[in-house]
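Here's a quick tour for anyone opening this structure for the first time. Keep the 3D view handy and follow along.

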Amino acid sequence: MKMPVLRIWAVALAASLLTCLLPAQTPPFRDGDRVMFLGDSITHGGWYIAQLQYIWALRHPGMRVTLLNGGICGHTAKDGLARFDWDIAPQNPNRVFIMFGMNDVGHGAYWDPAKADAKSLATRKEKVASFTANMRALIAKCRGIGASVTLMTPTPYDEYSTLVEKKALPGVNAVGLTALAEATRKLAAEEKTGLVELHAVLTPIFRDNPEVKFLSDRIHPHEDGHLLMAALVLDAMSFSPVVSETVFEAAKGSRTFTYAPKALPIPVGRNYKSDDRLYPLTAKLNQEIVRVRGLPQGRWRLKAAGKEILVCSAAELDAGVNIATLDTPSQQTSQKGVALAANLKKLAGSLRGLPQGYIQVVRRGGDINDEKSTFEKLDQWIEELRVANQAGGHYYRYYGGEVKRFKELYPKRESELKRLETVREELFAHCRLQPYELSLEPVP
């Protein structure tokens, strides 16, 4: 019998199975996978998860892969370990991607890397050791429930941008997170897990483009940063760049063809275009190649469903043109589904407010299955923050808003979970493949 959702959250599941060694690779998603992304606020925000869900559905229509958000704001690897049994395990993932580091690094030890004293150096060393031990324990937890593991090196702290108002802490990224990224790589090799490389790819992009505002607060990526993260996850899984590859023969004089692609292209919006200038999204992920052979020499106007999308030579058409980023019916379908992906992200992120609140309730001896007890303990927590922050601190204001949202969500938590799954199904259903007409006209 399926347990009520809230009861599942409350019950700690003991896992005592022996761990097993896994191959050092990141296999692609498979039909039926339940993939958990475990992390901090960057994962809690969830844009890269929703983008991955949508891109995979576009490329693999009909495949059911469920990507789950397991992030909580402010969490470290130690926090993820503490909540694993009651938060992650009950959601029955068969794969877990783990990304921590931003809160594990100890920002205070990097105020001035050139003047690091013995205490700061000792703190840095202890943070790396603690991070490694907790990540290793998380790997064991995942394997204990039969889930394969992929580690993700942390995203960079942006100590480079000249546009972010918040003062940078030099060394948090170049020294601190670099050390945690290296610890993650070493751990992946030792434990034979999969690995997604974020830090080494994104750091030079941030460093070499200080005039670009990648993060609003030097920690949390904007939507375009999340798209880059999604692209790097796909890259780690050796995601094929080919959306489709189709050859038409024009030798017999035909100039009109029925085009029936087997997959849909990645939607091209503002974030895609800005990212494509910094990382080869189109070359790596978005190649929808159409070849037309046997055309007379000259220039030709290519139309999709009667609308001009490209003017090129017969030689270019014979070699193959990429129509993935052009204004085709398929690209229009992809762009219309972005709203569904955004809704999926919003709902999943909102639901992560539940375990975030449950932690505070349990710490204060409350019963998360009882509304009165839960709300009383949350009010107690906010009062503690008010006193500690003299009623004006950032944490008091932020978590006060979170508790308000929690109280609104708590009574309708199960219906919201159902709504999340409904939106996911709508996203799958949206990725239907519709044939359309490609036609060619000579350019006078």
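Start at Tyr 48: setting aside neighbours within four places in sequence, Tyr 48 is in contact (heavy atoms within 4.5 Å) with Phe 37, Ile 42, Thr 43, Met 99, Met 152, His 226, Met 229 and Ala 230. Tyr 48 is also one of the residues with the most contacts inside the largest nonpolar core, which has 69 residues. This is a predicted model, so local features need pLDDT of at least 70 and side-chain atom pairs count only at pLDDT 80 or more, while totals for chains, interfaces and linings use all residues. Residues are numbered from 1 along each chain as its sequence is written, and side-chain values use heavy atoms, with hydrogens and water left out.

**The cores**

- A nonpolar core here is a set of buried Ala, Val, Leu, Ile, Met, Phe, Trp, Tyr and Cys residues joined through side-chain atoms within 4.5 Å; buried means under 20% relative accessible area, exposed means over 50%, and partly exposed is in between, using a 1.4 Å probe and protein chains only.
- Besides Tyr 48, the residues with the most contacts inside the 69-residue core are Phe 29, Phe 37, Ile 98, Met 135 and Met 152.
- Helix H8 gives the most to this core, with eight residues.
- Apart from it lies another core, of 32 residues, and Leu 340, Ala 341, Leu 351 and Phe 406 are among them.

**Helix H8**

- Helices (H or I, at least four residues) and strands (E, at least two) are DSSP runs, numbered from the N terminus.
- H8 covers residues 223-236, and its 14 residues reach 20 Å from first C-alpha to last, close to the 20 Å expected at 1.5 Å a residue (that is, 1.5 Å times one less than the number of residues).
- H8 is mostly covered, with 11 of its 14 residues buried; among them are His 226, Met 229 and Ala 230, which also turn up in the contacts of Tyr 48.
- Just after H8, Ser 238 takes a positive phi of about 55°.

**Helix H15**

- H15 (residues 371-388) has 18 residues and reaches 26 Å from its first C-alpha to its last, close to the 26 Å expected.
- Its buried residues include Phe 375, Leu 378, Trp 381, Ile 382 and Leu 385.
- An α-helix has 3.6 residues a turn, so residues three or four places apart point the same way.
- Helix H14 (353-363) and helix H16 (394-409) are included in what covers the buried residues of H15.
- Asp 370 caps the N-terminal end of H15, with a side-chain oxygen 3.3 Å from the backbone nitrogen of Lys 372.

- All six residues of E2 (residues 66-71) are buried.
- Both faces of E2 are covered: Thr 66, Leu 68 and Gly 70 sit on one side, with Leu 67, Asn 69 and Gly 71 on the other.
- E2 runs parallel to strand E1 (residues 34-39), and six bridges join the two (strands pair if DSSP finds at least two bridges between them).
- Met 36 has Leu 68 in E2 as its bridge partner.

- Leu 138 is found in helix H5 (residues 118-144) and counts as buried because its relative accessibility is 0%.
- Leaving aside neighbours within four places in sequence, Leu 138 is in contact with Leu 38, Ala 77, Gly 80, Leu 81, Phe 84, Ile 98 and Phe 100.
- Lys 167 is in the loop between strand E4 (148-152) and helix H6 (172-191), and counts as exposed because its relative accessibility is 69%.
- Ser 161 is in the loop between E4 and H6, but counts as buried because its relative accessibility is 6%.
- The side chain of Ser 161 reaches the backbone nitrogen of Leu 163 at 3.0 Å.
- Not counting residues up to four places away in sequence, Lys 167 touches Tyr 157 and Arg 218, and Ser 161 touches Pro 210, Val 212, Lys 213 and Arg 218.

- pLDDT is the predictor's confidence in each residue, from 0 to 100.
- The protein averages a pLDDT of 91, and 93% of the residues score at least 70.
- Over residues 1-23, pLDDT stays under 50.
- Where pLDDT is low, the predicted coordinates should not be read in detail.

Notes: A polar contact is a pair of N or O atoms within 3.5 Å; within protein, one must be able to donate a hydrogen and the other to accept it, and residues adjacent in sequence count only if both atoms are side-chain atoms.
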